[in-house]
Structures are given as C-alpha cells and as structure tokens.
Amino acid sequence: MLGDRLEQVRDSIRSAAQLAGRDERELTLIVVTKFQPVSVIEELSALGITDFGESRHQEASQKASQLAGRGLRWHFVGQLQSKKARAVASYCQVVHSLDRESLLEQLSQAPKPIDCFIELNLTDDPERGGVPISNLIPFAEKVLAQDSIRLLGVMAVASIGKDPRSEFAKVRDASESLKSIAPNANFISAGMSGDFQEAILEGATHLRIGTAITGPRPQSG
Ligand SMILES: *Cc1c(COP(=O)(O)O)cnc(C)c1O
C-alpha cells in the first residue's frame, strides 16, 4: 500500500520532470511524515527514502532520536519558534521555514552550521509564515552575512484557491532574483501532494510530499 502509493508518486514525478525537460535526478523527494508513527518512517526508509519532513519540534526530535544511526535526513518544514531553533538545528539537517531575523539569530548560534531555505509568503496575510517577496533580497543579505547558515534557496506553499502553476511561477522569479546575489542559493522547495507536478514545471528541486504517499494523517491538531 505505502509502497504502491510511493511508486505512483515517483511515476508522476518522473512524468512531470520529462514534461519539463528536466533530469529527475535534480529532484529531492522529502516525505512529510508529521503525525505519522515511526513505523511509517521505518517502512519508507526500507523503500529507499532518506529525507523526511516534520513540522513540530517535539515530535520531530523524538523520531530523530528513535531512528538515529539509519542515515536519515530531517527537514523542518513547519513554522518554527525562535526559542526552539537551536534545538531543532541539533537534529535537523535543513530548515525550510527561515522567515525572520529573530529566527536567523537563533539558528546562527546553533552548535553546528545548518542548511536553510527562506520561506516566502505568497499571500497578503502577514499572519502566515514567510517573507513577502518584496522583502526577499534585504532579508537574504542578512542570511548571507551569517557564516554558520548555508542558504539553499527559497521555499513556498501555494495559496489555497489560487492556480498553483502561477503561484510557483512567482516563486521561480523570486529564485532568479535571489540567484543574482547568491548564485549557489539555487534550490526551490515547493510542491505538496496536490501540486507537486506544477511545482516541478516551475523549477522546484525539493518536493515536500505527505499524504499522497503516506495516506491520510492519523490526527492533525
Ligand atoms: C504538511 C506539509 C506538507 C505536506 O502536505 P501534503 O498535502 O500532505 O503533501 C508540505 N509542506 C508543508 C510546509 C507542510 O506543512
């Protein structure tokens, strides 16, 4: 079941990559396992998945310590409170939700260097996480000034009710402008269960896919 859904998603990734004229080896599949039991991660790991996404510190840290030694890579994809940042940086390889100076400051003080994406806010709602696109370059300059942070690129979630392709086209434009000041920050974290094919067509390199692979989440609250 899990294996079948994983195969289906891999097939869809492959066809979107073909359609986009891209090499699928430039795509990283992150399976988002928030609210899922450790057994699901073990099963996926046996199926060859190495990258997992989580959105809550306590849950993520427990899973990471239970599964230590298996060579898994942990991606923090949810909103992150500054006071939890250093702890998250101790077990996560990548933070996808860097979006403000207080968080940057805490992450830069973590005991080891960490890879980060700057999260963009594609909505007009400042309550949502993310940096408005108009503020990307000034914020990126602050990130780039921190030696202990390696900036990978931009991350975004398509707004509900909007055409995902045009949302991701905005993200691609933002990525181009970021690359003009940071050529190595050329990755794009975009695409979830419902829209990863559109994201691939607009240049996404890191796909964050949950329920299309795991099935419905047991509970979400
Ligand atoms: C939960 C989550 C995902 C995965 O969502 P699905 O719809 O289950 O694929 C991706 N990105 C973020 C930021 C999430 O919170």
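Modeller: Around the ligand are V32, K34, V77, M155, M192, S193, R208, I209, G210, T211 and R217, a residue being near a molecule if one of its heavy atoms lies within 4 Å of it. This is a predicted model, in which local features need pLDDT of at least 70 and side-chain atom pairs count only at pLDDT 80 or more, while totals for chains, interfaces and linings use all residues. Residues are numbered from 1 along each chain as its sequence is written, and side-chain values use heavy atoms, with hydrogens and water left out.

By class, this shell has 5 nonpolar, 3 polar and 3 charged residues (Ala, Val, Leu, Ile, Met, Phe, Trp, Tyr, Cys and Pro count as nonpolar, Asp, Glu, Lys and Arg as charged, and the others, Gly among them, as polar).

A polar side-chain atom of S193 lies 2.5 Å from a ligand oxygen atom, and one of K34 lies 2.7 Å from an oxygen atom of the ligand. In the side chain of R208, an N or O atom is 2.9 Å from a nitrogen atom of the ligand. The ligand taken alone exposes 390 Å², of which the protein buries 87% (Shrake-Rupley method, 1.4 Å probe).

As for the fold, the chain has 9 helices and 9 strands (DSSP runs: H or I of at least four residues, and E of at least two). Its C-alpha atoms fill a box of roughly 45 × 40 × 30 Å along the principal axes.

Key: Polar contact = N/O pair within 3.5 Å; in protein donor to acceptor, adjacent residues only side chain to side chain.
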